[in-house]
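I opened this notebook to record what I looked up in one structure. The entries begin with ring pairs and then turn to the fold and its strands.

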Amino acid sequence: MEDIATDPDFSMRNTPYGLQGKLLVATPHVGDPLFEKSVIYMCLHGEDGAMGVVVNHVHHALTFTEVLENLSIDALVPPRGRVTRGGPVQEQRGFVLHSPDYTHDTTIKVTDDVCLTTAVEILRDIAEGVGPENYLIALGCSQWSPGQLEQELEANAWLSIEPDHDLIFVSENEPAWKQAIDKLGIDPGQLASIGGHA
């Protein structure tokens with residue numbers, strides 16, 4: 001895994017916009033089967049664009065243990081985290097979302113509760129039992145160019161909600177999407193007529 005901090009595609013030097021640290025929930029208007037019933041944790045949102053990772057689409061072809069094996073890392077402690085398909089951009093790259101009880105030189109503090117690290121050292125530390133308490137690894141990410149996400153919100157492709165621990169680190173697949181919709185207090189059948197809530 002590369003260091004996200006040196007990647008110009010992720011240069012969000014400006015004041016974060018309102019969606020950083022929030023969850024985006026796909027509506028039927030999302031228009032892309034890759035994002036159907038997806039829940040995305042927004043890691044970065046600024047005038048240079050936005051970036052997040054899908055947290056509820058489990059990578060059925062790869063387990064956390066297999067990720068470690070592929071990197072020749074011996075797991076001294078069985079990893080508890082799961083692997084998700086984080087998005088269609090840089091699918092061979094790993095993005096570890098985790099609790100703030102762990103930091104590395106490359107760690108980005110998204111909020112007080114969630115951090116993002118891409119250096120492979122976090123995987124070694126997880127394998128040795130000295131990593132964060134809560135974590136998941138997303139393979140690939142979801143990116144938006146400047147103004148693109150705002151256009152998608154106007155087109156009712158996404159709803160935004162406040163995150164919670166279970167939706168990020170525990171719930172999987174469609175149940176997580178349903179839980180996210182339930183947080184909004186609406187029936188999934190109503191989504192076709194509901195606009196974005198940025």
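**Entry 1: aromatic pairs**

I searched the whole structure and found three aromatic pairs. I counted rings of Phe, Tyr and Trp (its six-membered ring) as paired if their centres lie within 6.5 Å, with planes under 30 degrees apart taken as stacked, over 60 as edge-to-face and the rest as tilted. Phe 64 belongs to helix α1 (residues 64–70) and Tyr 135 to strand β8 (residues 135–144), so the pair ties together parts 71 residues apart in sequence. Helices (H or I, at least four residues) and strands (E, at least two) are DSSP runs, numbered from the N terminus.

I note the basis of these entries: the model is predicted, local features need pLDDT of at least 70, side-chain atom pairs count only at pLDDT 80 or more, and totals for chains, interfaces and linings use all residues. Residues are numbered from 1 along each chain as its sequence is written, and side-chain values use heavy atoms, with hydrogens and water left out.

Are Phe 64 and Tyr 135 buried or exposed? Phe 64 is buried at a relative accessible area of 3%, and Tyr 135 is buried at 6%. Buried means under 20% relative accessible area, exposed over 50%, and partly exposed in between (1.4 Å probe, protein chains only).

I then recorded Trp 144 and Trp 158, an edge-to-face pair with 6.3 Å centre to centre and 80 degrees between the planes. This pair links distant parts of the chain, with Trp 144 in strand β8 and Trp 158 in strand β9 (residues 158–161), 14 residues apart. Trp 144 is buried at 6% relative accessible area, and Trp 158 is buried at 1%. Ring pairs also link Phe 35, Trp 144 and Trp 158 into a cluster.

**Entry 2: the chain**

I listed five helices and nine strands. Of the 198 residues in the chain, 49% are buried.

**Entry 3: strand β1**

Which way do the side chains of strand β1 (residues 23–26) point? Leu 23 and Val 25 point one way, Leu 24 and Ala 26 the other, and all are buried. I found β1 paired with strand β2 (residues 39–46) in the antiparallel sense over three bridges, where two strands pair if DSSP finds at least two bridges between them. Val 39 in β2 is the bridge partner of Val 25. β1 also runs antiparallel to β9, joined by four bridges, and Ile 161 in β9 is the bridge partner of Leu 23.
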